[in-house]
Amino acid sequence: MNNESRTRLIKKGAIWGFILFELVFFSVAGSYLSLSESAFMDLDNMLLLLKQSAPIGIIALGMTIIMINGNIDLSVGATYALAAIVMLDSMTWPVFAGFGDWVIPVSWILALMTGVALGAVNGLIVWKTGVDAFIVTLGAMLGYRGLVFMYNGEEPTSHLNWTLVDFAEAQFLGLHTATWFLLAVVGGLWFLMNRTVHGRNAYAIGDNREAAVNAGIRVGPHMMINFMLIGFLAALSAVVFYSESGSVNPNDGELFELWAITAVVLGGTKLTGGAGSIVSTLGGVIAIQLLRKGLGYIGAGTETVNLVIGLILIAVLFLDRQLNIKAKGELKV
Amino acid sequence: MAGGFSRSNIGGLLAKQGILIAFVIFMIGFTIANERFLAPENVMGVVRSSAILGVMALGVTFVVISGNLDLSVGSMMSFSTIVVLDLHDKIGPALAIPAMFAMTLCLGAFIGFLVGYLKLNSLIVTLGMLSAIHGLTLTYSGGKNMDIADKDGTWFAVFGQSSALGIPVPILIFGLLAAVLGMVLAKTPFGRKVYAVGGNGVAATFSGIRRARVVFTCYLLSAFCVATAGLIQASRSLGSQNTVGQGLELEVLAAVILGGASLLGGSGTIFKTIVGVLILGFIQNGLLLVGLQFYAQYVVTWVIIILAVWLDIAAKRGRLLSPIA
């Protein structure tokens, strides 16, 4: 095994090693401090952890594709909130009064279409104007949040549908509904990125846009599809979460973009595009959720979570760079 | 294919000064719609409420011109505000203010070290610091709101609430800082180095400019501006939540971009940033005066930011639509 592939293996395995470290650390620290009766690695606790990872996780998986493509999307949090409002509000529209429980799939479809439409707007602007995705989605983050507030002011939008709540709280083979959605998205996106032309082109565009253009890849449509995809996933995340909670505040989803990007970077996806993996992002999402739960478990309080995650993000960036320098240096010799 | 835009014709002028022209049209429109819009007290009110955002935008302008980003200014501003309010009652305002500045500058130095000397990606570093500083603030305050005990008996309110020569102090601070930093950026060797580093980092390094030191200093300047903004904010309200600056980083960035600074670095001026800040402020105010919902400004800001950057790019490449297939 040469050095380069070893470095790659270290980087791929790093996130899972980190998760293992967290599990051991919090279990040992927890039992040493004996703050809690139950063990940290309790099965129910872990299943719940997966369920709680779902909302950010689904968005982070979409962000992985966007970042592999060499773009970024800061508007996902606002898209998430707007899709949630559309879903909950549409269930009360008089048009659908006679639908009974059939209103559920209708409202889901409306919410998902909202997400796709918002993503398409971003994608179209990035494609046609050539303005950097960072600026386009930064603007959209303000604009879409404005739409959220214009929809229902500062009031929360609420509607509880018990059939829906039962569905969202159900467990199938031990896993919660939200977890199944998360896993389905992982499977679907893994297939998309590793087994389809679109996925291969997305990597190629992120790696070297000019080369991709010269190779005859139509860069614009691919980017637009990816933005529609992340819009869809942000809406799906909202559908999964708000089916259970039934009430959305206009501020919901704020800072989601930051959490999602953190998870993606922890998973080893490059900011500059061209490299990254769907499964590693899942690792990043789980690592963050473990950290949140673990710090609470050893009694560190929620305020330290932000501090620790911020510093870990910077440390990962530093380590990643050191590894890259090392790999490059050895290649030269 | 170069039709439409060239520097000599009207299209070129429109693209180059598009923001200023759009701003003037906006102002005329709002004035026709509501005669109170240009009344002195309204103008003063807008500038005054833009001062905090403006002070932060001055520092971020340096960072952006040097080719980096600073997403941590919002949570750093919360930190300064909370710290100065807490220390006010513990060691008195005269000591609390320098202590707060020192602590905020330490944070800026840390970021400057990571981005400048360790050459880490500024987007991720400041994203991490956004989260980390928020955590730091919550740990410091224990999650509680911070209030000054004796709100009537302190001279601390002078920075946010009083006026001198008929002008509110926040505007004076903003104006003074803008003048000084504008001079630094336009007239000093350091200012030229900032442009050089952001314009072409490799070329700058080869011509003997120490990139790391310049970037480090930009983040220090940004932290200084944030501390000043925190001081105004604390003094204005004399009490604060832990999240007072949340989301400001993006509004600040929006103002800087609106002013025409390129995110790739190397371009932008203090004057343009001030125009960007004022556009945001006046649009917000104007939309309210013509009776639109407060939140409509977000949607308008979105459209304006994208149009502004689009026009800028279109002028440079000589065609409206991107050539990407």
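**Notebook: chains A and B**

**Entry 1. A:Arg218**

I looked up A:Arg218 and counted 15 C-beta neighbours inside 10 Å, so it is partly exposed. My cut-offs: buried means 20 or more other C-beta atoms within 10 Å of the residue's own, exposed means 12 or fewer, and partly exposed is in between; C-beta atoms are placed from the backbone. The model is predicted, so I take local features at pLDDT of at least 70 and side-chain atom pairs at pLDDT 80 or more, while totals for chains, interfaces and linings use all residues. Residues are numbered from 1 along each chain as its sequence is written, and chains are lettered from A and ligands numbered from 1 in the order in which they are written.

Where does A:Arg218 lie? I found it in the loop between α9 (209-214) and α10 of chain A. Helices here are DSSP runs of H or I with at least four residues, strands are runs of E with at least two, and both are numbered from the N terminus. I also checked A:Arg218 against A:Ile205, 13 residues apart along the chain: their C-alpha atoms are separated by 9.3 Å.

**Entry 2. Chain A overall**

I counted 13 helices and four strands in chain A. Its radius of gyration is 21 Å, close to the 20 Å that the globule rule gives for 333 residues, so chain A is as compact as a globular protein of that length. That radius is taken over C-alpha atoms, and the rule is 2.2 Å times the number of residues to the power 0.38. Along the principal axes, the C-alpha atoms fill a box of roughly 75 × 60 × 35 Å. Of the 333 residues, 48% count as buried.

Next I took the contacts in chain A with a separation of 6 or more: residues 24 or more positions apart account for 80% of them. A contact means two C-beta atoms, placed from the backbone, within 7 Å.

I then looked at helix α3 (residues 76-90) of chain A. Its 15 residues reach 21 Å from the first C-alpha to the last, close to the 21 Å expected at 1.5 Å a residue. The expected span is 1.5 Å times one less than the number of residues. Why do I call α3(A) largely enclosed by the rest of the structure? Because 13 of its 15 residues are buried.

**Entry 3. Chain B overall**

Chain B has 14 helices and four strands. For 325 residues a compact globule would have a radius of gyration near 20 Å, and chain B agrees at 20 Å. The C-alpha trace spans about 65 × 55 × 35 Å along its principal axes. Buried residues make up 52% of chain B. Among its contacts with a separation of 6 or more, 77% come from residues 24 or more positions apart.

In the model, residues 164-186 are 78% helix and 13% strand, with end C-alpha atoms 28 Å apart. Residues 214-232 are 100% helix and 0% strand, and their ends lie 27 Å apart.

B:Lys119 has phi near 55 degrees, a positive value in a residue other than glycine. It sits in the loop between α5 (93-117) and α6 of chain B. With 13 C-beta neighbours inside 10 Å, B:Lys119 counts as partly exposed.

B:Leu238 is not a glycine, yet it has a positive phi of about 55 degrees. Its loop runs between α11 (211-237) and β4 (239-240) of chain B. Is B:Leu238 buried or exposed? It counts as buried, with 20 C-beta neighbours inside 10 Å.

B:Glu251 belongs to helix α12 of chain B. It is partly exposed, with 19 C-beta neighbours inside 10 Å. B:Thr301 is 50 residues away along the chain, and the two C-alpha atoms are separated by 9.6 Å.

**Entry 4. Interface and core**

I counted 40 residues of chain B in contact with 42 residues of chain A. On the chain B side, α6 (122-141), α12 (248-258) and α14 (296-317) each supply at least two residues. Which helix gives the most? It is α6(B), with 14 residues. By class, this side has 30 nonpolar, 10 polar and no charged residues. Nonpolar means Ala, Val, Leu, Ile, Met, Phe, Trp, Tyr, Cys and Pro; charged means Asp, Glu, Lys and Arg; the others, Gly among them, are polar.

The largest nonpolar core has 205 residues, and those with the most contacts inside it include A:Ile59, A:Ala83 and B:Val55. Helix α10 (residues 219-245) of chain A brings the largest share, 17 residues. Such a core is a set of buried Ala, Val, Leu, Ile, Met, Phe, Trp, Tyr and Cys residues joined through C-beta atoms within 7 Å. Leaving aside neighbours within four places in sequence, I found B:Val55 in contact with several residues, among them B:Ile173, B:Phe174, B:Leu177 and B:Cys225.
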